[in-house]
Amino acid sequence: MSRLSEPNSENVDKGRESRRRLLPRGKIWILLLFSAIALCATLVAVSWRAADLARADLQSEITQKAEIEARTLSERIAHALHLEIPVEEIVGFGEVVGQLQDGDPDLVFAAVVQDESILHNGGFSAGEIAPLLDPAGDTETSPYIVTRVLVQPTGGNAENLDIVVGHDRAALMRPVTDNLYDIGVIFFITLALSFELVLLVLTVNVVLPARVAKRVLLNMRARKFTLLHGQSTHDEIGRFMERMNSMIGHMARKAGTEPHRVREAKLIGVRMLAFLFVLAEELARPIMPSFFGEISANTLDGQLGAGIVMALQLLMVAVAMPLCSLFQEQVGSLRMYLAGAFLATVGLFGTAFAIGFWDLLSWRALSGIGYATTFVACQSYVLNATNEKNRTQGTAMMVGGIMLADICGPAIGGILAGHFGEAATFLAGGTVAGLAVALAYFLMDDRVRGQATPPVPTREAFRAMLSNRRFQVLILFAAVPAKLILSGFLYYLTPLILLQSGATTAETGRVLMLYGLVALLTGWAIARWTDDKQNETRAVGIGGALTAVGLLLAGWMPDYGIFAVAIAMLGLAQATSIPAQVSASLKLSEEFTRSHGTGPVLAVLRLAERLGGALGPLLAAGLTLWVGTGGAVLVLGIIAAVAVTAFELMIRIAPNEQAAKSGDSGELS
């Protein structure tokens, strides 16, 4: 996959064809499937037992709640009797029951009973309650859980006076069902992490060494003796190939040639590194506003302070990404990743121990710079290790790791914050970032570099690149709208609308997870299709169309189910268009990158994306004030439809010119 390790032999075409497969196939997938089945069986057994235990606990909790509500009503009745009001003349019982139902939706009815006669009732009529009081009835099959509490006699006609409270028996299973959803989320996260780990271990230790061994042996069979096995392993493959290296070296000396070691780029390792640096940040995503607000409260209003802190971090990401893209070739992916992960580690640990607004700002700014630096390092590594035939797949592999972190991070972080506190979540993130520093030495090969280190481009070179009409169309009508709608719709409007419609926080979180889940499951197949067709602009257009349809549907019918469908479509759209945008931008600027490298192109693309992401919540908030939340979604859908229509029309009529033609006059400094 590395351009530096391609042999000059008749097997180059075969090698290029084999390098299009970035993931293992065959028996490797059988091992992965076996591990997944074993893990599924274990988790299903544990989940089933946990559900049984939860059901037993909830039975006692509902009974305790019913007794508390019955005692509340009993105290009201006892107080009225103490005032010498006859029990038959007490008024307002139904209103009190209604107030209790507002706080407990599972409360169905309540009644005052004396000698099996219903004196007062609420929720149900007396005729509906009477059959439920029959002691001979089957309480196990009854749709209601009935609890009776004796009213302490206070004289008068209060003898044998009971308060009867009825709860919906379905309430016994509702918390269990909610817990099962949470168990399902944890189940998926555990399965995905196990899959990623097994995939990493097998690919690095089996697949890549075997591929290099095949190339070396084919070269040896052709009697060229120019390649040595350079994929370091300490197993049977490694020992066998070391002996073969000795033989090749001996034959090369006789033939008067100088063999060189070849190795495959560890793209699967970059996927893991991308997962780690995003996970380190996403762990604290659920508690960032509240945590930042508490620390900022002594200096500014809590919500305002939290907003400023989060905005500053996004600003640092937007500024650092294009700058890092310009100098990545000189620094190298490995050193840049190490520097970024180290900065993120320091920033996250500092955030955990922040005591005031200003030091919190500095730590979050440092984390933002680290995030941007590691992102650029991983992306540049992928671009240098792939070619036009598999670049979209390589980008999708890295994006898959990011999507997995988007799914796992908030869920795991919420659990950590609930059990160990909010500061512990940032400490966990710092630990993950520190782990990424150590693993980068093993998972990222610094030998994967561009063919030549281009100098820093001048202002004239940037002007030449930006004069590329088709690149302008890609930026204005694809890259910017994609990030604008992602942040405005998914991160701002969707939680707001779902919570206002009565969905719980857990339900809202599960719907939001659909975005990353769909993108993760479909990204690889879509990227492979894009590489096979070699029509990246078509993939970008399809992604824009899916986004428009989903948003128009959600704006027209804004309810829970439709929003879930719209978010799933957005995940599919982003998986289709985002990796293709990188490949399309480099292909549209191909002549420019030959002279100036990929850095300026990626710098402009990332800057435009981040500016679109920053504008999204601001635009969504303004539209909400103007036309309401449902109208805001509809307007964003119209914007998406207009953008994709303009993109499809203009990308075809724009001249296929390369800015580098006129960029030859823009000399490099």
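User: Let us begin with R148: how accessible is it?
Analyst: R148 is partly exposed, at a relative accessible area of 36%; buried means under 20%, exposed over 50%, and partly exposed in between, with a 1.4 Å probe and protein chains only. This is a predicted model, in which local features need pLDDT of at least 70, side-chain atom pairs count only at pLDDT 80 or more, and totals for chains, interfaces and linings use all residues. Residues are numbered from 1 along each chain as its sequence is written, and side-chain values use heavy atoms, leaving out hydrogens and water.

User: Which side chain does R148 meet in a salt bridge?
Analyst: Its partner is D162, at 3.0 Å from N to O. A salt bridge here is a side-chain nitrogen of Lys or Arg within 4 Å of a carboxyl oxygen of Asp or Glu. D162 counts as buried, at 15% relative accessibility.

User: How many salt bridges are found in the whole structure?
Analyst: The search finds three. In another of them, E281 pairs with R364, the closest N and O atoms being 2.2 Å apart.

User: Are E281 and R364 buried or exposed?
Analyst: E281 is buried at 5% relative accessibility, and R364 is buried at 0%.

User: Turning to cysteines, how many disulfides are there?
Analyst: The search of the whole structure finds zero, a disulfide being a pair of cysteine sulfur atoms within 2.5 Å.

User: And are C324 and C378 buried or exposed?
Analyst: C324 is buried, with a relative accessible area of 13%, and C378 is buried at 0%.
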